[in-house]
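Good morning, everyone. Please take a moment to look at the sequence and the model on the screen, and then I will walk through a few parts of it.

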Amino acid sequence: MTELPPAAVPADSSEPPLPYADRPVATAPGHWVLARAGKRVLRPGGAALSAAMLGHARLAGADVVELAPGLGRTAAEAIAASPASYTAVDRDPDAARRVAAVVGDRGTVRQGEAASTGLPDASADVVIGEAMLSMQSDKAKAAIAAEAARMLRPGGRYAIHELGVVPDDIDDARYTELRKDLARAIHVNARPMTAAAWRQLLESAGLVVEWVDTAPMALLKLSRNLRDEGLGGCARIARNVLTDAELRRRVMLMRRTFKRYEQDMVGVALVAHKPE
């Protein structure tokens with residue numbers, strides 16, 4: 001595992017490159033394509049669901065670990081909540097450098113694996129993971145949840161915000177169709193789950209779920225983007241999409257897929273604690 005010190009942050013405040021910046025738009029993972037378009041809130045249930053999750057996780061005065069922090073949006077919010085410490089772990093070196101630029105000397109960023117962080121047992125009060133488990137196989141999901149549970153002290157909380165499907169008894173054929181179309185659109189073999197399945201994942205890791213909530217999966221809807229990105233952010237996204245034909249084609253493919261399954265997909269957030 002590599003720790004990125006504050007000195008590694010560029011002195012001229014320019015942002016490090018986005019992950020997969022060297023890959024064509026047509027084949028890059030969908031969330032990083034949206035980041036290229038200028039989108040900054042890449043959470044299925046939006047910024048409001050993330051904020052509710054962080055509130056229930058109780059970050060103030062806590063030792064916080066975030067897995068796969070992406071662009072660092074949640075990292076900034078976690079730091080603002082005055083934790084005792086903040087540590088991020090991301091496997092992608094470009095993502096880790098971007099988060100290091102956000103965190104500065106207020107926390108620690110490490111390049112490493114979410115399922116094997118190398119952090120000590122019982123060293124965290126809160127572990128956060130947003131929009132990262134959905135991209136993992138069932139086996140990898142279980143390994144990451146187990147790693148979070150290992151790091152938590154008794155009473156510590158694991159907070160996740162992921163892509164969900166509804167209802168809990170969704171038709172198997174519809175679910176299979178959704179997964180295949182979603183994989184084609186975002187170029188990631190995403191495996192969203194029902195709220196009941198997400199609960200079961202955390203319970204299987206020995207945790208007790210204490211809060212669950214959902215929000216519409218409206219990642220590319222104008223109303224959600226106005227709330228999450230603001231007017232200036234929406235203008236930035238529109239400008240980038242309108243002036244780049246390849247980017248526009250890819251974003252529109254994702255938008256059509258999200259629209260087709262808007263009644264089947266939600267953002268789902270859960271907070272679970274480790275028994276005393």
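Which residues does the UniProt annotation "domain: Methyltransferase type" cover? According to that unreviewed entry, the annotation covers residues 66-160, with positions in the numbering used here, and such annotations may be inferred rather than shown by experiment. Please keep in mind that this is a predicted model, in which local features need pLDDT of at least 70 and side-chain atom pairs count only at pLDDT 80 or more, while totals for chains, interfaces and linings use all residues. Residues are numbered from 1 along each chain as its sequence is written, and side-chain values use heavy atoms, with hydrogens and water left out.

The end C-alpha atoms of residues 66-160 lie 10 Å apart, and the span is 35% helix and 29% strand, where helices (H or I, at least four residues) and strands (E, at least two) are DSSP runs, numbered from the N terminus.

Let me turn to helix H7, residues 195-204, whose buried residues (under 20% relative accessible area, with a 1.4 Å probe and protein chains only) are Trp198, Leu201 and Leu202. Seen down the axis of H7, these buried residues fall within an arc of 90 degrees, taken from the directions from the helix axis to the C-beta atoms, so they line one face of the helix. In general, an α-helix has 3.6 residues a turn, so residues three or four places apart point the same way. What covers the buried residues of H7 includes helix H5 (138-151) and strand E6 (152-165). Just after H7, Gly206 takes a positive phi of about 90 degrees.

Definitions and conventions:
Buried < 20%, exposed > 50% of the residue type's maximum accessible area, 1.4 Å probe, protein only. Contact = heavy atoms within 4.5 Å.
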